[in-house]
Amino acid sequence: MSQKLPPSFYLREDVLQISKDLLGKYLITNFDQKVTVGKIVETEAYRAPDDKACHAHLNRFTERTKIMFEAGGTAYIYLCYGIHHLFNIVTAPKGMAHAVLIRAVEPVENVNVMLQRRKFEKLKYNLTAGPGTLTKAFGISKKQNGINLLDKKSPIWIEDRGEIVLEKNIIASPRVGVAYAEECALWDWRFRVKESKWTSRAK
DNA sequence: AAGAGGATGAACT
DNA sequence: GTTCATCCTCTTG
């Protein structure tokens, strides 16, 4: 049992709930006829206009942030520190700038392709732990910014394979790298699967 | 037109 | 724990 998540999943207005619901779902990319699959084990929520850590804080609308105002199900990918491509999923109806950052996945299928892209000799727990590393392992880059994950031709999509992560198995903690966001930096908007070895370093 | 800084990761010591 | 790789976006003048 394996099904692409429907638009209704992304169009909800509770980005915190969606961030938690995405745990245990499957991220799949298909580039160069290579299909890679990973189970999502760590996410972070960003929500304009009140969240100071969100690029679209106060609904700031620029060339970069305009993607976040698209309808739920759109990919928001941008370059961080000049090096890392970070993959977010836009949520909520068009006009609301909410997004979920995918921070870590557990490698599931075609791990050898991920190893190749990362230039790893053998499998290690940091293969896909961290928002910048998983995009590299999955071949995601800024070029896919703005695509619709629900589009039949999309090379990136999310599947539900019937797994449910219970609330008690989810650890909420403050987001990382957002110290500048003042009181918002304290919000527990980072979610990870409790027993997973594939999340980025614990706090 | 220019400059600062960032939702990070890896390789150091 | 520290450093640095490295470039796009936004702000300021």
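This section describes the protein surfaces that face DNA strands B and C in a predicted model. Residues are numbered from 1 along each chain as written, chains are lettered from A and ligands numbered from 1 in the order written. Local features need pLDDT of at least 70, side-chain atom pairs count only at pLDDT 80 or more, totals for chains, interfaces and linings use all residues, and side-chain values use heavy atoms, without hydrogens and water.

DNA strand B has 22 residues around it; a residue is near a strand if one of its heavy atoms lies within 4 Å of it. H84, N88, R118, G177 and Y180 come nearest. Sugar and phosphate make up 50% of the atoms of DNA strand B within 4 Å of the protein. Polar contacts are pairs of N or O atoms within 3.5 Å. A polar side-chain atom of H55 lies 3.1 Å from a base nitrogen of DNA strand B. The elements giving two or more residues to this surface are β4 (75-80), β5 (84-91) and α4 (131-138); helices (H or I, at least four residues) and strands (E, at least two) are DSSP runs, numbered from the N terminus. From A53, a backbone N or O atom is 3.5 Å from a base nitrogen of DNA strand B. The side chain of Y46 places an N or O atom 3.4 Å from a sugar or linking oxygen of DNA strand B.

DNA strand C is surrounded by residues including R60, T62 and K142. Sugar and phosphate account for 79% of its atoms within 4 Å of the protein. A polar backbone atom of Y81 is 3.1 Å from a base oxygen of DNA strand C. For R64, a polar backbone atom lies 3.4 Å from a phosphate oxygen of DNA strand C.

Definitions and conventions:
Polar contact = N/O pair within 3.5 Å; in protein donor to acceptor, adjacent residues only side chain to side chain.
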